[in-house]
Amino acid sequence: MLYWLQQLQVKRWQHQQTSVSLDPTHNINNNNNNSADDFLFPVCAEDFLPVLESPIGLVGEEAANVPSQRTPLADVSLKHPLIHIQNSVHSFRRRSSQECSQSVFHVDAPPWIPPKSASSLTLVPPSLRTPSEATVPPPALSLAEPVDLASPGDGRKSPSLLDSLSRKTKTLSSTMTVSDRTSRLQTEKQILMEEVKAQKELVWILHKALEASQLEKRTCAEFLAADGEQERLELLRHCERQAADLRGRLEAARTEADAARKSLVQRDAQLAELQGNIRSLTEKNNAKQQVIIKLADQVTSCMSSGGGLDSQTFRQLQQEIENLKDDIEAYKTQNQFLNSEIFQLTRLWRTSSEQQKSLMVKCSYLEASNCQVESRYLGVLRQLQELKPLDPVQRGAVQKLIEDALKGELKSVVKLNMARDHDEYGFKIVPDYEVEDMKLLAKIQALEIRSHNLLHQEGGERHLSGRWAQFLAGRSENDLCPSPELKALLRGGVPPEYRQRVWRWLVRARTRTIRDRHQRYQQLCEKSRTSPHPASRQIQLDLHRTLTTNQHFSSPSSPALQQLRRILLAFSWQNPAIGYCQGLNRLAAIALLVLHSEEDAFWCLVAVVDAIMPQDYYTKNLLASQADQRVLKEFLAEKLPRLSAHFEEHNIDVSLITFNWFLVVFVESLPSDILLPLWDAFLYEGTKVVFRYTLALFKYKEDEILKLRDSVEIYQYLRFFTKTISDGRRLISIAFSDMNPFPGRLLRNRRAVQLERVHGELRELEEQQRQFASENASENARRKDKDLDAAVSEDDDEL
């Protein structure tokens, strides 16, 4: 069977190699890795099973016709079945008789010492023993005498264990009287020693009392012998100092005594624990002794009974053992065969996976090439459309080709990932454009984005995922802390599999001063249900305008819209000064798409509005937002002077375009693969990232913008050009490298200056409004007087 199984493996491998060689897309260089041996049989003989060149033994009809050569007596042993058991028991007896004298159950009796010696062995209670006596082990019963167990065939009756135990009992009873007398004498000796010790302590106390009385007598004599009051006063002061010194010594002695008592208590506890351990070990030892004795008795009874297994039972057992050994060998052979099968299947799977990977790469390359060809074709059509000398017929033909190209989808022979329309966050991979006149250019840019992503995105994302995996290995959200390494990684973008975890940590770092976050959000949701906010109507209107091209918000019955509604209502009660401002719905929506949690998205919105953005950014007057637009114009003049001059030449106010970028942090203005890395750095570094990316976008398309000479065309181009950015890595490099230096202190200073100017202009505007209102009121009053006079004169004329 093993031979035929190996032949089947070889045939399968040859079939796979034949199918690979017939594949036209298979790389010829891959054949160099497969040697002739692998083609015939790809498994190494020393690793698994040797290759069988032919079947072993008889095969087919010959095996069926030849009679079996195995006789029934082939497996029968000629030895008596009891010989093996007798030999094993005999060896066990000899080994037990040699080891028993040094086992844990035997204790050599110490030599007898007269009771006068202090180290005599007596059975004194543990409470009355001295420390030196506690270490001497008491005499124990030895179980080391060997037991003569004769074999059943000797004809002699072996002595049982009861005889040896009876002899031990007699010896023990004869020695018990001596031990009782010795213990009684030892007890009396201990009592006398305690009495002597007490008498010594009493004598020591009397000596101390005598010394104190003599000292007091000498002091009184010196006090009476003093001539004047001054000397007596000095004596009293000296006595007071000595008394204070003695009191201090007494306190120190008491402290030492307390410490000694505590240590004594601890040592007593340790001693009790050790004694308990000793008792448990002793019990275990006794139990083991009992088990060994019982086993020895069983073996003795079995050997002395003279019976045993009959020959038939022994042969059956021997046959079962042989069968089990044969089964073990069969299982070993089966295990080796299964290992070889797994090895072959793994090689087949790896070969097929490499072929599939090469086909996917080729498919991606063909799709990218197709996108490039189609974009060039559309570019040629666009150039033909702009040519003036074309006659009406040619112009109509070109227009018909352009319409057909715009109506058609991206058609390729092969498409990677089945032309997936949306990414993992629900955004369209190829976005739509609202500018009808620029549909052709938008289609060309979308094809370029698709081609670039297919050719370059996979390698960069794999490298970035490896760096993030190495950084986050073994770290929890509590272990993350600000560092230059984390800053560099965030500027490069967070892979989708780690983005939720990193954003949650960034939001908690921004809102760590808020206590009881979960209870706070639940209270706000409950308040929004019971007390309708004045901004609830505007929130309801803006819900269906939020990320209309995203899968999660496109349907009116989408659960994400209801979550967004609760988030915005809770924020309106969280920050009454702002309530609700158009644009907050987009900020909360992007947070909800990434964090997937309604509560986490709410705190992300709180972090952006209250912690990251400047104050008064989303208030009614949008003062901080206006100040940022003026700061942007200053940076634009410094970093991109040619583009700034071009805008001034054509009277282009970039704040009409960039104001919305800043207010919603580029949501719905950039493709998702560029927007989300921007937010990764924005949540960590703040609004400085928005300035960097704004300048980088203008730098990225500077040459194309400078070619435009009409203000209307420039405005149309600025409305949608951010969605045509194809190389996100190049944009990141421009934002964080080409825009340097970009100090945060300079940004704060300029923002403060411009904010003060905006406040001043606002005050002037309010003053002008008040003056205009007063002048308008007086003008209305004069107009009314004139109307009244005219009406009176008309009445006079009629009269």
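Modeller: Happy to: I will start with the whole chain, go through the bridges, and then visit their surroundings.

This is a predicted model, in which local features need pLDDT of at least 70 and side-chain atom pairs count only at pLDDT 80 or more, while totals for chains, interfaces and linings use all residues. Residues are numbered from 1 along each chain as its sequence is written, and side-chain values use heavy atoms, leaving out hydrogens and water.

The protein chain has 26 helices and zero strands, where helices (H or I, at least four residues) and strands (E, at least two) are DSSP runs numbered from the N terminus. Of its 799 residues, 32% are buried; buried means under 20% relative accessible area, exposed over 50%, and partly exposed in between, with a 1.4 Å probe and protein chains only. Among contacts with a separation of 6 or more, 78% link residues 24 or more positions apart, contact meaning heavy atoms within 4.5 Å.

Now to your bridges. The structure holds 21 salt bridges, each being a side-chain nitrogen of Lys or Arg within 4 Å of a carboxyl oxygen of Asp or Glu. One of them pairs Arg504 with Asp600, at 3.4 Å from N to O. Because Arg504 belongs to helix H12 (residues 496-510) and Asp600 to helix H17 (residues 598-612), this bridge ties together parts that are 96 residues apart in sequence.

Another bridge joins the side chains of Glu638 and Arg750, with an N to O distance of 2.2 Å. Here Glu638 is in helix H18 and Arg750 in helix H26 (residues 744-798), so the pair links parts 112 residues apart in sequence. Arg750 counts as buried because its relative accessibility is 15%. Glu638, by contrast, is partly exposed, at 45%.

A further bridge brings Lys699 and Glu702 together at 3.7 Å, again N to O. With a relative accessibility of 34%, Lys699 is partly exposed, whereas Glu702 is buried, at 6%. Bridges can also share partners: in this way Glu634, Glu638 and Arg750 are joined into one network.

Helix H18 deserves a second stop. It runs over residues 623-639 and also contains Asp628. At a relative accessible area of 0%, Asp628 is buried. Which residues does Asp628 touch, leaving aside its neighbours within four places in sequence? They are Tyr617, Phe662, Phe691 and Arg751.

As background, most residues other than glycine have a negative phi, and most peptide bonds are trans. In the loop between H17 and H18 sits Leu622, which has a positive phi of about 55 degrees although it is not a glycine. Leu622 is buried, with a relative accessibility of 18%.

Phe666 is another non-glycine residue with a positive phi, near 70 degrees. Its place is the loop between helix H20 (655-664) and helix H21 (672-685). Since its relative accessibility is 0%, Phe666 counts as buried.

Then there is a cis peptide bond between Asn740 and Pro741, with omega about -5 degrees. Pro741 belongs to the loop between helix H25 (728-738) and H26. Helix H26 is also where you will find Arg750, the partner of Glu638.

Arg12 lies in helix H1 (residues 2-22). It is partly exposed, with a relative accessible area of 28%. Which residues is Arg12 in contact with, leaving aside its neighbours within four places in sequence? Its contacts are Glu341, Gln344, Leu345 and Leu348. Arg12 and Leu348 are 336 residues apart along the chain, yet their C-alpha atoms are separated by 9.9 Å.
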